[in-house]
Amino acid sequence: MESIPKTKQWWKEAVVYQIYPRSFKDSNGDGIGDLRGIIEKLDYLQELGVDVVWLSPVYKSPNDDNGYDISDYQDIMDEFGTLADWDELLHEMHARGMKLVMDLVVNHTSDEHHWFIESRKSKDNPYRDYYIWRPGKDGKEPNNWQSFFSGSAWQYDEATGEYYLHLFSKKQPDLNWENEKVREEIFNMMTWWLDRGIDGFRMDVINLLSKVEGLPDAPVTNPNDRYQWGGQYFVNGPKLMDYLREMKEKVLSKYDIMTVGETPMVTTDDAIRFTNEQDGVMNMLFQFEHMDVDSKPGSPLGKWDIQPWKLTDLKKIMSKWQVELHGKGWNSLYLENHDQPRSVSRFGDDKTYHVESAKMLATWLHMMQGTPYIYQGQEIGMTNVSFPSIEYYRDVETINLWNDVVVNKGYDPDKILKAIHYRGRDNARTPMQWDATEHAGFTTGTPWINVNPNYRDINVEQALKDENSVFHYYKKLIRLRKEHPIIVYGSYELLLEDDEQIYAYVRKFNDEQLLVITNFSSEQPTFTLPSHITFTEKQLLISNYTVDENESIDTIVLKPYEARVYKLK
Ligand code: NOJ
């Protein structure tokens with residue numbers, strides 16, 4: 001048995017709750033969630049027991065990408081309230097012992113940010129070089145890079161006859177991090193928020209900041225591999241570490257905060273480089289490998305081409321991250337966020353075993369090493385939604401996909417709508433389901449996006465009343481993390497590597513072991529305890545079915561989506 005020499009940190013022991021403010025709680029009847037709505041619900045979050053709240057962007061924004069297109073970093077979006085409301089929110093959170101992490105979106109701004117309004121005016125404008133402008137090549141885009149939201153990553157601009165780079169929507173021009181003035185502006189803005197009292201940043205696509213010099217055409221050998229369309233030239237680019245070290249030195253290192261980088265397309269080695277406690281540049285990150293387990297690699301539709309996933313693939317991915325980062329870096333644990341479908345619909349069974357599978361997934365994730373994130377509604381088992389046609393959808397990524405592949409390329413609309421039902425980001429963005437009244441108690445007005453019709457059965461009011469609800473189960477999981485350091489600091493060993501139904505693992509810390517057994521199927525497979533797991537005492541910490549504590553665990557016939565955690569000595 002080993003003991004872990006790594007330092008104890010509050011952000012390793014914390015559980016984070018993500019709020020997508022637009023869909024959380026509307027306090028003034030305009031159909032859009034807002035800051036006062038969040039204040040109303042802080043007691044609820046305190047009851048759940050979370051330590052940190054990550055707020056998706058609340059800054060001024062024309063909302064092309066719901067706040068991820070920022071037009072003023074130092075003010076609040078009109079629909080969400082005012083800076084005074086925000087100050088009150090921070091105060092109320094701190095009064096409850098909760099911390100606030102803000103979203104930091106600095107790969108790009110909105111095209112309505114005053115820097116860009118200036119920048120596009122003329123080639124000699126002082127803000128020109130805040131963004132990435134290039135002349136066209138042979139009457140076409142400067143290179144072949146593709147946007148994450150379909151189509152070219154370049155937009156032609158009449159005023160100066162040049163193109164600007166946008167890795168996301170054309171209303172999200174990329175900032176030019178090569179420019180020292182840009183970096184200084186961003187660092188000052190970050191300091192301004194930290195001095196106002198925030199407790200950290202979630203850093204949007206932070207590993208895309210540095211682009212390869214010369215912005216060369218990407219050599220595309222497989223036109224269906226998204227990464228080849230420029231990814232190799234802007235993911236973990238040449239100056240990324242310089243920029244992030246400078247950010248750490250000038251800003252982050254001066255505060256006791258937590259930072260989590262959103263980092264697409266990283267390996268475990270990258271993650272160790274970014275998060276190690278000696279010279280890393282962030283506390284933890286969001287990697288995406290497990291979120292790609294159900295996409296067909298190299299498909300022309302990218303993430304929209306869905307393939308059945310295999311538990312053994314998920315095991316390989318999760319176990320690699322668990323083992324390789326242990327003692328060397330730190331990871332986040334997540335199954336949902338505002339960009340991902342609902343986990344109970346994706347990895348569980350949102351019909352027959354809705355409650356059982358939601359609890360099983362929670363157990364499986366929360367017992368691993370890393371800082372767990374709960375996305376609003378996950379704690380009551382909110383599910384995907386299947387709106388009947390594209391008109392019901394609001395997300396720019398989904399709408400661009402539709403225009404690109406259905407309208408322009410003639411793909412089968414039914415097939416694409418099915419993919420959107422499974423994968424679309426609006427699955428996570430339907431309003432939070434508070435109660436069984438109209439619009440799920442989210443708003444007294446007309447919601448900006450429809451509520452999931454299942455709100456009469458799945459809602460917070462109901463969950464709070466029912467002591468066997470998914471909510472109360474999450475509450476217990478969060479409490480267990482506080483009571484048992486092994487959950488935070490223990491090592492990880494996968495059991496039953498080849499089993500396609502049971503995911504089981506052991507955590508070890510000093511003389512203790514934590515045995516986690518989860519059934520990812522609606523069948524009743526038999527779990528057999530491997531002979532090298534020995535113990536003299538066992539204690540059942542949590543389970544999603546009633547279990548006889550004295551039952552032997554040498555072999556267990558598991559119930560559908562059953563989950564159990566034992567502490568062994
Ligand atoms: C990642 C964010 O999570 C997503 O919602 C957004 O669209 C892109 N970054 C662009 O900011």
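Student: Glu379, buried or exposed?
Tutor: Glu379 counts as buried, because its relative accessibility is 0%. Buried means under 20% relative accessible area, exposed means over 50%, and partly exposed lies in between, with a 1.4 Å probe and protein chains only.

Student: What kind of model is this?
Tutor: This is a predicted model: local features need pLDDT of at least 70, side-chain atom pairs count only at pLDDT 80 or more, and totals for chains, interfaces and linings use all residues. Residues are numbered from 1 along each chain as its sequence is written, and side-chain values use heavy atoms, with hydrogens and water left out.

Student: Back to Glu379. Where is its place?
Tutor: Glu379 sits in the loop between strand E13 (371–375) and H13. Those labels come from DSSP runs, numbered from the N terminus: helices are H or I with at least four residues, strands are E with at least two.

Student: Which residues is Glu379 in contact with, leaving aside neighbours within four places in sequence?
Tutor: Glu379 touches Tyr17, Tyr44, Leu48, Ile374, Met432, Val470, Phe471 and Tyr474. Contact means heavy atoms within 4.5 Å.

Student: And what separates the C-alpha atoms of Glu379 and Ala358?
Tutor: A gap of 8.5 Å. The two residues are 21 apart along the chain.

Student: Let's zoom out. How many helices and strands are in the protein chain?
Tutor: The protein chain has 17 helices and 20 strands.

Student: What box do the C-alpha atoms fill?
Tutor: Roughly 75 × 50 × 50 Å, taken along the principal axes.

Student: How much of the protein chain is buried?
Tutor: Buried residues are 60% of the 569. Also, take contacts between residues at least 6 apart in sequence: 71% of them join residues at least 24 apart.

Student: Now helix packing. How are two packed helices described?
Tutor: By the angle between their axes and the distance between the axes. Axes are lines fitted to C-alpha atoms, for helices over the stretch in contact, and angles run from 0 to 180 degrees between N-to-C directions.

Student: At what angle do the axes of H13 and H14 cross?
Tutor: Helix H13 (residues 396–408) and helix H14 (residues 413–423) cross at roughly 160 degrees, with axes that come within 11 Å. That makes the two helices roughly antiparallel. Under 35 degrees counts as roughly parallel, over 145 as roughly antiparallel, 65 to 115 as roughly perpendicular, and the rest as oblique.

Student: Which residues of H13 and H14 meet?
Tutor: H13 brings Thr398, Leu401, Trp402, Val405 and Val406, and H14 brings Pro413, Ile416, Leu417 and Ile420. By class, this contact of H13 with H14 has eight nonpolar, one polar and no charged residues. Ala, Val, Leu, Ile, Met, Phe, Trp, Tyr, Cys and Pro count as nonpolar, Asp, Glu, Lys and Arg as charged, and the others, Gly among them, as polar.

Student: What about H4 and H6, at what angle do their axes cross?
Tutor: Helix H4 (residues 83–95) and helix H6 (residues 180–196) cross at roughly 55 degrees, and their axes come within 11 Å. They are therefore oblique to each other. Leu83, Trp86, Asp87 and Leu90 of H4 make the contact with Trp192, Trp193 and Arg196 of H6. The contact of H4 with H6 has five nonpolar, no polar and two charged residues.

Student: H6 packs with H8 too. How far apart are their axes?
Tutor: The axes of H6 and helix H8 (residues 240–250) are 10 Å apart, at an angle of about 40 degrees. H6 and H8 are therefore oblique to each other.

Student: Which residues meet in H6 and H8?
Tutor: Arg183, Phe187 and Met190 in H6 meet Tyr243, Glu246, Met247 and Lys250 in H8. The contact of H6 with H8 divides into four nonpolar, no polar and three charged residues.

Student: New topic. What is phi for Ser150?
Tutor: About 80 degrees, a positive value although Ser150 is not a glycine. Ser150 lies in the loop between strand E6 (133–134) and strand E7 (154–157). Ser150 is partly exposed, at 27% relative accessible area.

Student: And phi of Asn510?
Tutor: Near 50 degrees, again positive in a residue other than glycine. Asn510 is in the loop between strand E15 (502–509) and strand E16 (512–519). With a relative accessible area of 38%, Asn510 is partly exposed.
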